[in-house]
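Please consider the sequence and model shown here. The paragraphs that follow lead through its strand pairing, its helix packing and the confidence of the prediction.

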Amino acid sequence: MKQYLKIDEWSIIEESFDPQTHEISESVFSLGNGYMGGRANFEEQYSGHSLQGSYMAGVYYPDKTRVGWWKNGYPEYFAKVLNSTNWIGINIEIDGVQLDLATSTVSEFRRELNMKEGTLSRSFTATLEGGKEVKVESIRFVSMTRREIGAIRYSITPVNFAGNITITPYLDGDIKNKDSNYDEKFWNEVEKKGEPGGGYLTLKTKKLDFHVTSAMAFDIFVGGEKLSAEAEVIEQEKYVACKINLSVQAGDQVVIYKYAANVTSRNHGLGQLVEAATTKLQEAKEAGFVALLTEQAEAWRDKWKESDIIIEGDASAQQAIRFNIFQLNQTYNGEDDRLNIGPKGFTGEKYGGSTYWDTEAYCVPFYLSTADSSIARNLLIYRYKHLEKAKENARKLGFTKGALYPMVTMNGEECHNEWEITFEEIHRNGAIAHAIYNYVNYTGDKAYLGQYGLEVLVEISRFWEERVHYVSHKDKFVMLGVTGPNEYENNVNNNWYSNRMASWTMEYTLEALTYLQENEPARYAELTEKLELQAIETAKWNEIIAKMYYPADDELGIFLQQDGFLDKEIIPVKELKPEHLPLNQKWSWDRILRSCYIKQADVLQGLYFLGDRYDLETKKRNFDFYEPITVHESSLSPCIHAILACELGYKEKAYEMYLRTSRLDLDNYNNDTEDGCHSTSMAGTWMSIVHGFGGLRVLGDRLILKPSNPGHWKSYSFKIMFRGARLKVSVTDLNVTVANETEIPALITIYDKEFTVNGLSSVTAQGNSALAGKQL
């Protein structure tokens with residue numbers, strides 16, 4: 001689509017109002033703090049197309065699955081993070097006419113997401129019927145320091161008339177999810193109370209009994225003087241408002257400061273919700289908007305100190321990476337191990353806000369490198385706490401042992417409603433096992449294996465053991481009827497990635513058992529007894545590892561995505577006419593399934609995960625074969641290709657894939673940003689730079705760096721946490737400098753040369769120009 005957002009290194013800026021792009025902007029300009037968040041809806045009424053969205057982390061609803069026919073093991077519901085009370089609302093009437101940008105003439109419109117300080121601002125002039133003009137300015141944020149608080153400064157100035165302005169701040173709980181089945185509304189009212197200076201509203205979900213209390217308070221100033229006029233209190237079903245009528249002259253600026261607190265029964269007792277909300281609200285109001293805004297800026301300054309990436313000489317790339325980092329830091333903060341990361345974060349409802357394999361495959365690396373290790377640890381503990389549910393999921397599908405983690409979940413129970421994913425896309429187990437390895441390898445926290453990790457690994461290995469079967473005429477173990485990461489292939493036999501990750505999981509489980517037996521024998525004995533682990537099982541795993549079948553073509557020297565893949569007609573994407581793309585919007589599902597085209601990295605996903613197992617020539621042959629037939633119609637695809645392209649020295653392809661993943665939402669590449677931003681693929685954007693251009697890997701106790709510098713950039717730098725040390729890596733065409741910003745020394749390798757970066761010191765290595773010259 002046409003790019004309509006201004007390029008700016010620290011902000012996302014929209015300089016005119018277009019109803020056709022409004023819902024896209026509602027996604028892009030979203031705000032969050034890991035606890036709550038919402039789309040960039042207008043404070044005043046808007047009657048045009050809009051997806052109203054305000055979300056509370058962990059508050060969800062089991063919406064009954066809507067299918068025409070049933071299957072054994074099929075989930076009964078699809079979990080949805082709920083659209084919650086709209087707390088930002090401030091209705092404005094001018095001499096009885098509603099301020100509504102859908103019915104007004106709008107000029108001088110400007111909207112800005114200030115990523116440096118975590119605020120959303122907007123200004124415009126609206127001409128209403130009769131030619132009356134008003135100028136509006138607003139700024140709002142959800143607090144990074146007071147997680148349950150949001151604040152708004154909203155001003156309105158009559159430009160060319162004297163008259164009456166009616167201001168109505170409100171809390172509206174009479175809302176629904178856009179994707180609710182049967183158009184059901186999910187909330188019941190518990191209690192409400194309005195008073196002249198604000199009010200509160202408590203709702204509860206119709207199922208699961210989540211309670212949310214939202215409270216608001218406000219002050220109004222006219223010409224800089226605080227207004228003391230009484231407000232008319234309005235109470236309706238699931239709605240509380242205060243109505244204030246003002247008589248103003250041309251040029252009088254009216255300013256509304258609105259404060260809101262949103263608290264849930266996940267964090268407070270049912271009898272304490274109103275008190276908690278009103279107490280936190282009063283504290284915020286007493287602090288005042290300016291103080292809260294200062295706190296916000298300081299909190300974001302600290303976030304950027306840990307996670308900023310600086311690109312010199314490419315403003316588009318710079319804006320893109322900061323946008324992705326900003327959204328990731330808004331989405332998850334790691335303080336609550338009951339929470340995980342939804343594919344849309346707080347930006348929309350698609351995918352229900354549930355947990356997918358995206359977290360382990362794409363998000364864990366970001367949090368490992370940009371925050372304290374406890375943050376990534378909590379993502380793993382989330383899965384550990386769901387282990388019993390994962391075992392139940394396996395039993396529902398007919399397995400006698402082991403654990404199958406769900407493809408989509410809130411509480412550990414599978415709740416996806418597409419059969420080829422629910423039953424067949426079992427590769428998610430491999431991503432969870434790999435995340436345990438990734439965490440332990442990166443942090444050196446091997447104690448995690450005995451505390452949590454081994455139990456998960458053993459149960460996943462048990463599942464794989466039962467899922468494969470032995471074929472005597474091949475003398476191999478095979479895995480039939482699966483769907484790999486490439487969802488444009490369903491119900492295939494011997495998906496290479498699934499087979500490989502199953503075998504690798506059993507290998508790593510055996511390694512973890514050996515480590516515990518040798519280093520923590522008491523815990524080893526305790527766990528093997530608890531798990532009732534038998535020698536016959538580990539012997540079976542070794543047999544499967546030795547005899548796992550991997551489809552391959554010796555002539556091409558590639559791993560086959562699945563059995564029979566080369567029976568397809570192989571036509572590169574570049575030979576398709578433009579009107580055929582995107583396939584998922586132009587072709588029938590039958591035609592897609594019969595084609596050679598790949599939605600996202602599949603074989604290449606395995607070569608990324610297990611990169612230390614394969615040489616560059618193997619990676620090159622597979623990349624050269626699969627990338628040209630990949631349509632990248634999954635948001636998770638470009639980043640993996642960017643990383644491998646960097647490793648192979650394919651400079652232009654790496655940059656192309658980086659821009660595609662980093663500007664996926666800003667430029668609406670997939671024509672679906674109106675549904676919400678692709679939050680989990682944003683972590684892939686970070687990976688494209690740090691794991692791709694930066695060449696970051698971890699081997700033993702060392703951080704490995706093999707940076708390359710795209711020809712489009714003068715230089716770039718990124719920050720990473722590694723074993724307690726915060727390191728700033730700066731890359732130019734000539735050299736690589738690693739500066740240690742802490743007093744904890746770090747062992748690193750740059751271009752195969754070993755260094756120790758002592759506390760508060762730096763090392764420099766000469767750049768590797770050989771990595772910058774190859775083209776695909």
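Two strands are said to pair if DSSP finds at least two bridges between them. In this model, which is predicted, strand E27 (residues 715-722) and strand E28 (residues 725-732) are joined by eight bridges and run antiparallel.

An open sheet is formed by five strands, in the order E20-E27-E28-E29-E32, with antiparallel pairing. Its edges are strand E20 (309-312) and strand E32 (762-766), each of which pairs on one side only. On average, and with direction ignored, neighbouring strands of the sheet are turned by 15° against each other. Strands of a sheet pair through backbone hydrogen bonds, in either a parallel or an antiparallel manner.

The helices call for another description. Two packed helices are described by the angle between their axes and the distance between the axes. For helix H10 (residues 447-467) and helix H13 (residues 535-547), the packing angle is about 60° and the axes lie 11 Å apart. H10 is therefore oblique to H13, since angles from 65 to 115 degrees would count as roughly perpendicular and those under 35 as roughly parallel. The crossing of H10 and H13 is left-handed. On the H10 side, Val458, Ser461, Arg462 and Glu465 take part in the contact, and they meet Glu537, Lys540, Trp541 and Ile544 of H13. By class, this contact of H10 with H13 comprises three nonpolar, one polar and four charged residues.

Helix H17 (residues 616-626) and helix H18 (residues 637-648) cross at roughly 130°, and their axes come within 10 Å. H17 and H18 are therefore oblique to each other, and H17 passes H18 in a left-handed crossing. H17 contributes Leu616, Lys619, Lys620 and Phe623 to the contact, while H18 contributes His641, Leu644, Ala645, Glu647 and Leu648. The residues of the contact of H17 with H18 divide into five nonpolar, one polar and three charged.

How confident is the predictor in this protein, and where does pLDDT stay under 50? The mean pLDDT of the protein is 94, and 98% of its residues reach 70 or more. Over residues 769-776, by contrast, pLDDT stays under 50. For that stretch the model has 20 contacts beyond four places in sequence.

Key. Residues numbered from 1 in each chain as written. Predicted model: local features only at pLDDT ≥ 70, side-chain atom pairs only at ≥ 80, totals over all residues. Heavy atoms only, no water. Axes fitted to C-alpha atoms, helices over the stretch in contact; angles between N-to-C directions. Helix = DSSP H or I, 4+ residues; strand = E, 2+ residues; numbered from the N terminus. Parallel < 35°, antiparallel > 145°, perpendicular 65-115°, else oblique. Left-handed = near helix turned anticlockwise from the far one by under 90°. Contact = heavy atoms within 4.5 Å. Nonpolar A, V, L, I, M, F, W, Y, C, P; charged D, E, K, R; others polar. pLDDT = per-residue confidence, 0-100.
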